Amino acid sequence: MSSLRSLGCLATRYGARQAVRPALTTNVRTSIIMRRTYATAPPPPPSTGNTGSNPLLWIGCISLGVAYTYYQKKRAEKIDHLVHLEQLENAKASDASKQEQEPKPKSKSEPGNATKKEPTNKPDDSKKTAPEKDINYQQVYNEIAELLDSNEDYDDGSYGPVLLRLAWHSSGTYNVEDGSGGSNGGTMRFRAEAEHSANNGLQIARDLLEKHIKPKFPELSYGDMYTLGGVVAIQELGGPDIKWKPGRRDQGENKCTPDGRLPDGSKKVDHVRDVFYRMGFNDREIVALVGGHALGRCHLDRSGYDGPWQEAPTFFSNEYYKAITSREWVKRDLPNGLWQWVDKANPEVMMLPIEITMLEDEKLKPYFELYAKDTAVFFEDFANAFKKLIELGVPFTGKEKEYVFERLNM
């Protein structure tokens with residue numbers, strides 16, 4: 001539309017010139033021609049009664065006539081020059097108008113000639129980049145931290161676990177092969193992705209941030225908000241420092257990923273590797289990330305399973321690994337037709353079917369045992385793996401500041 005509008009303005013401008021300028025040019029030329037024919041001096045002044053001639057008077061009159069003629073000649077030359085410049089300008093305008101109307105050849109980057117598919121996570125250049133936004137991210141962190149214990153009746157008294165799950169699930173859809181999915185875009189705010197079976201219950205976390213955080217920081221992207229919520233949960237509930245930087249850009253519903261990219265707790269270890277290898281993780285990183293189950297619990301009406309993974313579900317520690325590697329696990333059937341593992345000594349504590357198959361895998365088991373013995377190693381590996389997870393597919397510019405946030409409550 002902008003090119004058509006420019007063309008219309010150009011055509012109007014050109015037509016106006018053609019209609020007005022020729023008449024002006026004709027008048028100017030007529031005046032110039034008339035003045036060029038004036039080459040005699042003005043008539044002599046009337047006689048004062050003296051019958052004799054005055055040579056000095058005649059010399060003065062002739063000099064004035066010559067000077068006036070010279071002045072008119074130079075003025076005519078100047079006008080000629082201006083007319084010439086005007087004609088050149090009109091010619092250029094005419095050429096430009098013709099070029100605007102001619103169809104342009106297709107660029108190689110246009111759909112008809114493209115040889116390579118554009119990446120899915122293409123930056124949205126119409127919006128500000130993170131360095132251009134006036135956001136105090138430490139203040140955002142503090143505001144989210146204040147929400148964690150704001151409702152003692154929710155679950156185990158903290159929104160931390162559900163915020164961590166939101167960050168994990170909004171990031172864990174990434175596909176390294178085509179660059180689709182991941183935290184960039186904040187696409188779980190759309191129903192098409194929010195209603196994936198693995199995302200049941202995350203409306204609680206999204207609504208919490210939408211109500212209390214987004215209005216205070218309107219320039220904060222949803223992807224940055226969701227992932228920062230997970231960082232707050234980990235740090236404020238006793239976990240390691242997580243390095244975080246902004247840069248995720250909101251995208252449309254067409255960027256939502258298909259259902260089925262997140263882990264299914266009812267399956268086996270091969271499924272785990274399929275999901276995590278698709279994102280670019282190795283075996284050690286897989287086991288480190290599953291340690292996030294130190295926080296929170298399962299719900300029958302969300303995941304279909306029931307109970308926490310250890311007795312302190314609002315404190316981040318390596319207790320998950322101690323529990324899974326040292327306790328005796330027995331099967332328990334659930335009313336919905338599924339089954340889960342429970343601690344024989346404390347049936348309130350559970351493990352998903354997929355987790356025990358991971359523990360039994362000869363390549364994964366050594367990492368479970370390592371993290372059960374060494375909290376420091378687990379914290380370091382988890383921090384690195386989680387940072388990698390929430391940055392998958394994000395189109396950083398290289399100018400973003402990386403934050404290690406000061407804790408509010410620890």
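A search of the whole structure turns up 16 salt bridges, a salt bridge being a side-chain nitrogen of Lys or Arg within 4 Å of a carboxyl oxygen of Asp or Glu. The model is a predicted one, where local features need pLDDT of at least 70 and side-chain atom pairs count only at pLDDT 80 or more, while totals for chains, interfaces and linings use all residues. Residues are numbered from 1 along each chain as its sequence is written, and side-chain values use heavy atoms, with hydrogens and water left out.

One of these pairs joins Glu319 and Arg327, whose side chains meet at 3.9 Å, N to O. Glu319 is partly exposed, at a relative accessible area of 25% (buried is under 20%, exposed over 50%, partly exposed in between, with a 1.4 Å probe and protein chains only). Both residues also belong to a salt-bridge network that links Glu311, Glu319, Arg327 and Asp343.

Then there is Glu328, which pairs with Lys344 through N and O atoms 3.7 Å apart at their closest. Glu328 sits in the loop between helix H10 (319-326) and strand E3 (329-333), and Lys344 in the loop between strand E4 (339-343) and strand E5 (350-351), so the bridge ties together parts 16 residues apart in sequence. Helices (H or I, at least four residues) and strands (E, at least two) are DSSP runs, numbered from the N terminus. Lys344 counts as exposed, with 53% relative accessibility.

Over in helix H13 (residues 375-391), Glu391 and Lys387 are four residues apart, or about one helical turn. Their closest N and O atoms lie 3.2 Å from each other in a salt bridge. Glu391 is buried at 17% relative accessible area, and Lys387 counts as buried at 19%.
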